[in-house]
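Hello,

Here is the structure I promised to pass on. My notes on it follow below.

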Amino acid sequence: MLAFVRSHRVVVRGHNIFWENQDATPRWVKGLSPEDLRSAVNTRIQSLMTRYRGEFAHWDVNNEMLHYNFYEQRLGPNATADFFSVAQDADPLATLFMNEYNVVETCDDVSSTVDAYVARLKDLRAAGAVLEGIGLEGHFSKPNIPYMRAVLDKLATLNLPIWFTEVDINNKFDAQTQAVYLEQVLREAYAHPAVSGVMLWTALHQGGCYQMCLTDWNLNNLPVGDVVDRLLQEWQTGQATGPSDAHGAYSFNGYLGEYVVTVNYGNTSAQSTFSLSPGDETRHITVQI
């Protein structure tokens, strides 16, 4: 699998090292004493992070801590901070996340209000956790876009990159409605300056998909797949061409990303590469010819 994604230049994130949900915890883990459990979790972190060091850009270190507490109940309130510390030592280049659901999707879940999430993230940092990213799962029913924006604004005050990690739309809606709601969510996420990326929870497997598939079994796009393809096409600069002005300058507006610039003058040409990264300043590139 990793050979495949490497050959296609796909960036991989790790999900997840631990999940606090007791119902998803292996039976043998539930039977361990606190001392044996601590040894087992350290071994898991080190073995995973060592084996895949440099392969995964992100890791969700502890999943859904606002809703469940299997490990912290047994190892103490600082268990998660310890997980982050061991993970940071094992792979210093990986960006470490906390990941949670119903923070941005709804205001009806009292366990995962944005204030509770902010407080937990601050507590982890105060305890010494090298927390470098905020994960929002994004399992939406009908999205409340103003609420979504307000949550993102509040999380942005922590000055950490925000990723939507598991975006889908509930399958209680018909295919066209799923597509409409997905586009609303993706546009709002893409427009927010604190959001660094979006991942979709749409893997096609033998049992179908969790809630939302991009394609049918013949890999033909469903309406949500059309939305994704159209937005990917919209959100790229493509090719910008034109003559320079009297001072040899040429200006364009571009999306963030990698660029190749080619300058032609008579029978001479020169090429250079550059990146557009987040920031308010105009980027100036000089190409000698």
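Before the rest, two remarks on how to read the values. This is a predicted model, so local features need pLDDT of at least 70 and side-chain atom pairs count only at pLDDT 80 or more, while totals for chains, interfaces and linings use all residues. Residues are numbered from 1 along each chain as its sequence is written, and side-chain values use heavy atoms, with hydrogens and water left out.

**Overall picture**

The protein's secondary structure comes to 9 helices and 9 strands. Its C-alpha atoms fill a box of roughly 75 × 45 × 40 Å along the principal axes. Of its 289 residues, 41% count as buried; buried means under 20% relative accessible area, exposed over 50%, and partly exposed in between (1.4 Å probe, protein chains only).

**Backbone details**

Most residues other than glycine have a negative phi, and most peptide bonds are trans. Arg 9 has a positive phi, near 55 degrees, and counts as exposed because its relative accessible area is 78%. Asn 102, also not a glycine, has a positive phi of about 65 degrees. Asn 102 is placed in the loop between strand E3 (95-100) and H6, and it counts as buried because its relative accessibility is 18%. The peptide bond from His 15 to Asn 16 is cis, with omega near -15 degrees; Asn 16 belongs to strand E1 (residues 12-19).

**Helix packing**

Two packed helices are described by the angle between their axes and the distance between the axes. Here the axes are lines fitted to C-alpha atoms, for helices over the stretch in contact, and angles run from 0 to 180 degrees between N-to-C directions.

Helix H6 (residues 114-126) and helix H7 (residues 145-156) have axes that come within 10 Å and cross at roughly 20 degrees. That makes H6 roughly parallel to H7 (angles under 35 degrees count as roughly parallel, over 145 as roughly antiparallel, 65 to 115 as roughly perpendicular and the rest as oblique). Helix H3 (residues 34-51) packs with helix H5 (residues 79-90) at about 30 degrees, their axes 9 Å apart, and H3 and H5 are therefore roughly parallel to each other.

The crossing of H6 and H7 is right-handed, and the crossing of H3 and H5 is right-handed. A crossing is left-handed if the near helix is turned anticlockwise from the far one by less than a right angle, and right-handed if clockwise.

**Salt bridges**

Side chains of opposite charge can pair when their charged atoms come close. How many salt bridges does a search of the whole structure find? The search finds 9, a salt bridge being a side-chain nitrogen of Lys or Arg within 4 Å of a carboxyl oxygen of Asp or Glu.

One of them joins Arg 120 and Glu 72, whose closest N and O atoms are 2.5 Å apart. The pair links distant parts of the chain, with Arg 120 in helix H6 and Glu 72 in helix H4, 48 residues apart. Arg 120 and Glu 72 are both buried.

Asp 115 and Lys 154 meet in another salt bridge (2.5 Å, N to O). This pair ties helix H6, with Asp 115, to helix H7, with Lys 154, across 39 residues. Asp 115 is partly exposed at 44% relative accessibility, and Lys 154 is partly exposed at 37%.

Glu 234 forms a salt bridge with Arg 187, the closest N and O atoms being 2.8 Å apart. Glu 234 is in helix H9 and Arg 187 in helix H8 (residues 175-191), 47 residues apart. Salt bridges that share partners join Glu 183, Arg 187, Arg 230 and Glu 234 into one network.

**Loops**

Ala 249 is in the loop between H9 and strand E8 (257-265) and counts as partly exposed at 37% relative accessibility.

Best wishes

How values were computed. Helix = DSSP H or I, 4+ residues; strand = E, 2+ residues; numbered from the N terminus.
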